[in-house]
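Thanks for sending this one over. Here are my notes, written to be read with the model open beside you.

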Amino acid sequence: MATLEPAVTPDARAGDPELLERTWGSPPGLLGWLMEVNHRRIGRRYIATGFALFLLAGLEALAIRMQLAVPENDLLGPEVYRQFFTMHGATMMFLFAVPIMLGIGIYLVPLQIGARDMALPRMNALGYWVYLIGAVTLYTAFLLGVAPNSGWFNYPPLSRREHELTIGIDVWISVVTILEVAALIGAVGLIVTIFKQRAPGMSLNRMPIFVWSILVMSFMIVFAMPTLMTTSIFLGLDRRVGTHFFNPGGEGDPLLWQHMFWYFGHPEVYIMFLPGLGMVSMVIATMTRRPVYGYTPVVLSLVATGVLSFGLWVHHMYATGLPRLGTSLFTAASMLVTLPTAVQFFCWVATLWGGRPRFTTALHYALGFLVIFLIGGITGVQLGAVPFDLQVHDTFFVVAHFHYVLLGGVVFPLFAGIYFWWPKVTGRLLSERLGKLGFWLMFAGVHLAFWPQHHLGFMGMPRRVYTYLPEMGWGPLNLLSTVGAFTLAAGVAVFLVNAAVSLRRGEPAGDDPWGGETLEWSTPSPPPVYNYRWQPTVKSRTPLWDPDWGTQPVVTGLREDQREMLSTTLLDARPDNREILPGPTLVPLVTALATAVPIVGVLFGLHWVPIGAALFFVAITAWNWPGAMPHRTEEPGGREHRLAQREREREEAEEEAGS
Amino acid sequence: MRPLSAARPRLPLAACALLAGGCVGTGVQDVLAPRGPQAERIADWFWISFALAVAVFVAFVAVLAYGLLRARRLGERNELPPAHGRNLVLWGGLVVPTAILLVLLVLSAYTDRRISRLGRGAGPEPLTIEVVGEQFWWQVRYLDPAHPHREFTTANEIHVPTGRPVRLLLESRDVIHSFWVPNLHGKTDLIPGRTNDLVFQVDEPGVYRGQCAEFCGTQHARMALLVEALPPAEFAAWWERQLRPPAPPTDSVRVKGRDVFMKNGCGVCHSIRGTPARGRVAPDLTHFASRRTIAAGTLPNTRGHLGGWISDPQGIKPGNRMPAVPLKGEELQALLDYLHSLK
Amino acid sequence: MSRRLALDVSEYPALVSGPRGGLWWGMLGLIVIEVVVFGALIATYYYLKFLAPHWPPAGEPLPKLLLPTVNTGVLIGSSFAVYYADTSISERGDVRGLRIGMGLSLLLGVVFLVLKVVEYSQVEYFWDSHAYGSIVWTMIVFHSSHVLSVVLKTGVVLALSGHGHWSRERAQGVKVNGIYWHFVVLIWLPLYITIYWTPRIHG
Amino acid sequence: MRAARRGLAAALTCAALAGCLRDLDPYLEERHTVAGGKAGEGPAAMRVYGCGSCHTIPGVRGADALVGPPLAGFAHRRYIAGRVPNQPDELVRWILHPQGVKPGTAMPDLGVTGQDARNIAAYLYTLK
């Protein structure tokens, strides 16, 4: 898109790329790296870290599948196996899915809403550092052989001290707590950004669907994750200071954990795949060159899914002997929650029916998502029924079910998104041939690996067993499943090759390789550090497809020698004020370390908690101390200042002309 | 003569039978091969839901494929009239799914009612058995509140009469376990501090295998059990046999075996009625020789496996609670003789 | 070169306070998160209560009312002081009013903490006595640590007022600190009812 | 030319040596032939009797115990139970009745049938 200069330039230097670069850029070198607050750099770190952990958890999955490939195998002993399946689950749930979706949101949301950065950039950086500390802590424990070993769900009393002395459980508690802190920080940052930084004209009902999905996800994080933090702190207290929350001998109750865990854990699943649904909506719209059919029903479905997901937790607990009447209500709720997704499915189908589809790799993954997720959804409905669940709960049927849901709802949309936005992020195209090869390997791998597991569930194979007797007859299907897992891994490997080749010598992508409809496609690939030379304004949901997009007004009048960004009103996105953002600083990293001291330090002794709390207070005070934030060099209402400056400049120009 | 070696060509099957109960060929633990009313109703529900699932899947993929082909054929000219789109979303996304879900919901509630009514209304009084989960085995106690002297304890194998409801009182002494015999009924958790109950009924005589279905620690994988259903008369006879303590050993080898058992402290954890061994933290061995498996369904109860198990329990089931006791060769032989005399 | 229209925003204010600024929303986010945590604590309390045969457990007396009730009054009073400080600076630009309000709220916060320590040094059970002790002590320690942290934060705000940092326009820090203070006070009320009244009304 | 001839000679020598070794195979095999034993059925039988609960036996699932000696390379063992030479009939006798061969050994009499013992023995001689 040819850039049009604004007709009115109230400030002589408006839209000066050099000045913008200087203002929004980061210092060079390692120190600059540690001081980074730019949302795209931080988003990229989230995505890269999350993807690396996805690969690690994938390797753990391969080890698990190898152990189970044949009966009575002794590749991983029972103790090691416990650690592996715990690490696989915890990594995929806490370290991969949620952070990578947050990362994509952090990268894309400001671009899609036409902002220069996130509303709270230092918070954003803090979130990443805290996440990284959590990941490093968990994998350090793994390498030292003291990984958590009682499942990502970590049920007491097994996880109470009298049954598991291992520090691995304490590591789980610390790491989960710290990762929830990170996710909460990220979620709040995204909510504030979406509320306050949208381009003028982008009222809530004009936001891209992906932004909606991130907004709903962030709210769900805010309402779900504190519960897990609370309950894991209960468990930590049980283990460290002898409280009785989960001790039946002290009038506590092990089921309290399950209620609180699944009150978080069920929404957690939806937290992971709602952004996936949002990404699929974007991919389908662009690749069919049609706006998604039924914007309103799709958005309402996202919101409804988010709300309903908080009323389902008991369907993980049917076998615990809860009263029958209550469980039936949860059956009804479990079935109800599929309706919003069904509506979205048919909105996408309607889009495809009326579209002009281009069968790119991204669309392949989106279509693959439809098929895989549908199967996972169907088995999910079956699992919602109490009697059937009593049979297959905690068997490989459930393993198959949620891998269909999560590979379908998280991994395939993620790859659709990666293939879709890769050109925007790197400025280079990925190979479509390799892309499709990878897609078909992954698609086949999913079914090979997980379809047989439905049958294994029916054949009575429980989850989390490290081995089984040959007489059980589970051998052949397990072997098949292992072959499938390796096929899936081969598909991921093809993507890695594709990515490496593209980074080295991929074709330049241009601003808008797909003819996209949302704002991010109007800026160069990769975008400049300030995102937009002029912050855009919009008047429709698909601004770039507006016939008069070329003359759509842009925002001017922001200072460019400071990080000034336009804030707009919550509902209608009318301009409201000029917010100034902080620049690069070490404060987030220091605060992250201070946050980690009590949470990780508690592994070594309770005295680290008060020490860490004190350090945290110091860090937060430094954070808020005037001077940490760049000060305005002018007082509010800078109009006079500007006018005076413009006057001066005109005089200078006249002088020059005169001389 | 040991019965398992009688039918030579069927050796693998015999092994299977020992570990897996008698139900070879129908799937050792098979949700879809029900042998009791509840498993049967659940399987019925599954088959209905499966038929609906296939229909939904096929219909959706057909609609999707048709739409894509149509779009490809029409190319640039393709437009979807808004009314068509509305109909797709309304019918495909709302009306049809709601109808299907309602059917499933009603059937699920109906199935749930049917399976939870067993043993609660009219009909024969259910037999009550207490099952206590332990890391990593099952303690089984037959209750008869009217005649406490007729109660007894065994482990890892549950004998039940056919055609009569059985109520299990499920408890746990350590962590959460889950009782699950797929051919008979769904699972129910054993939770410390609570007593859950599970009512099931077996229609056909036979041996059905089950195993712990809630991760309970390192040896969760090797915590199996067998349910053996006997015709009522045989069951009554079996109960009578269980009440009798085993006959004291007479021949010298077995006497020596008993001494080995007592002197090495086995009785601290295990109990054998009629002897000083009264331990409560490990399986009751009173009628050990009549059991089909050892180590909670891990191995067939043969002399070879038993010898290996006693010599090195941690090698066979690492992380279980049984310590290895160093025994001389002849002590081991005597102990095996003694244990296998506990019929 | 073709030209397009511009939306000139230079006249919009650069310093705003309250919900117009991002920081206020960030603090609201933190408050919502904490509300969920406190909600989880209260839910746990009732869950354990309805499971227990006796609540408080047999042998434990009902919680005493006088001291905590007075203390609740102290805490509510501190909220008014914070409100006074906030309006002083943000509506009237009155730094002295800000200092008086903040100082008073600090004092009341400290009084609350001291009375809490006095109160709980008298109870006879601890967190490791039974589940009742676990949840009550957790609630009290958790809430008191919030009071402590907001007292410390207010100390920082007060210290900054000495540097002439706050003015009518630059009041966002005071406002944001203020809503957090109000939150810490308000969330105490359900805790107070839960801990001190529930066992009496429904024992 | 000469070099080529020398190379050929070397090659022939090698072939002869290899041939010699291969020539010995039948003798070894004969020494380890169990009359009427079907090696293929050995593992299943061993699983039932529980050999794997004390021995590590390649090819038998779950046989990874270390109570007794591991049976890998059993065909190369010289003695059974440190007492009798490793010959088919001795091995079958040992499997059938270890207490008779070496009273007081920890290895129990397992009630193995004659045919099973021959199958097991035949299988053990395939472990080289």
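The points below go from the chains and their contacts to single sheets, helices and residues.

1. A word on conventions. This is a predicted model, in which local features need pLDDT of at least 70 and side-chain atom pairs count only at pLDDT 80 or more, while totals for chains, interfaces and linings use all residues. Residues are numbered from 1 along each chain as its sequence is written, and chains are lettered from A and ligands numbered from 1 in the order in which they are written.

2. Which chains touch? Chains B and C do not touch, and their nearest C-alpha atoms are 11 Å apart. Chains C and D have no contact either, with their closest C-alpha atoms 44 Å apart.

3. The A–B interface deserves a look of its own. Here 73 residues of chain B are in contact with 69 residues of chain A. On the chain B side, the elements giving two or more residues are helix H1 (11–20), helix H2 (37–74), helix H3 (82–117) and strand E7 (188–190). Helices (H or I, at least four residues) and strands (E, at least two) are DSSP runs, numbered from the N terminus. H3(B) gives the largest share of that side, 17 residues. By type, the chain B side divides into 39 nonpolar, 24 polar and 10 charged residues. In this count Ala, Val, Leu, Ile, Met, Phe, Trp, Tyr, Cys and Pro are nonpolar, Asp, Glu, Lys and Arg are charged, and the others, Gly among them, are polar.

4. Next, the open sheet of chain B. Its 5 strands come in the order E3-E2-E1-E5-E8, with mixed pairing; two strands pair if DSSP finds at least two bridges between them. Strand E3 (152–155) and strand E8 (196–200) of chain B are at the edges with a single partner strand each, so one side of each has no neighbour in the sheet. Strand E5 (residues 166–172) of chain B is joined to E8(B) by 5 bridges, and the two run antiparallel. Within this pairing, B:Leu170 has B:Asn196 of E8(B) as its bridge partner.

5. Strand E4 (residues 157–161) of chain B is another one to click on. All 5 of its 5 residues are buried, so E4(B) is largely enclosed by the rest of the structure. A residue is buried if 20 or more other C-beta atoms lie within 10 Å of its own, exposed if 12 or fewer, and partly exposed in between, with C-beta atoms placed from the backbone. Both faces are covered, with B:Glu157, B:His159 and B:Pro161 on one side and B:Ile158 and B:Val160 on the other. E4(B) runs parallel to strand E10 (residues 224–230) of chain B, and 5 bridges join them. B:Ile158 stands opposite B:Val227 in E10(B).

6. Chain D has 5 helices and 2 strands, in the pattern α-α-β-β-α-α-α along the sequence. Of its 128 residues, 37% count as buried. Helix H5 (residues 114–124) of chain D is mostly covered, with 9 of its 11 residues buried. Its cover includes helix H2 (42–49) and helix H3 (88–96) of chain D. In H3(D), the residues D:Leu91, D:Val92, D:Trp94, D:Ile95 and D:Leu96 are buried. These pack against strand E1 (79–80), strand E2 (84–85), helix H4 (98–101) and H5 of chain D.

7. What does D:Ala121 touch, leaving aside its neighbours within four places in sequence? Its contacts are D:Val34, D:Gly37, D:Pro88, D:Leu91, D:Val92 and D:Ile95. D:Ala121 is also one of the residues that touch the most other members of the largest nonpolar core, which has 376 residues. Such a core is a set of buried Ala, Val, Leu, Ile, Met, Phe, Trp, Tyr and Cys residues joined through C-beta atoms within 7 Å.

8. Is C:Phe50 buried or exposed? C:Phe50 is found in helix H1 (residues 22–51) of chain C, and counts as exposed because it has 9 C-beta neighbours inside 10 Å. C:Phe50 and C:Trp127 are 77 residues apart in sequence and 19 Å apart in space, C-alpha to C-alpha.

Notes:
Contact = placed C-beta atoms within 7 Å.
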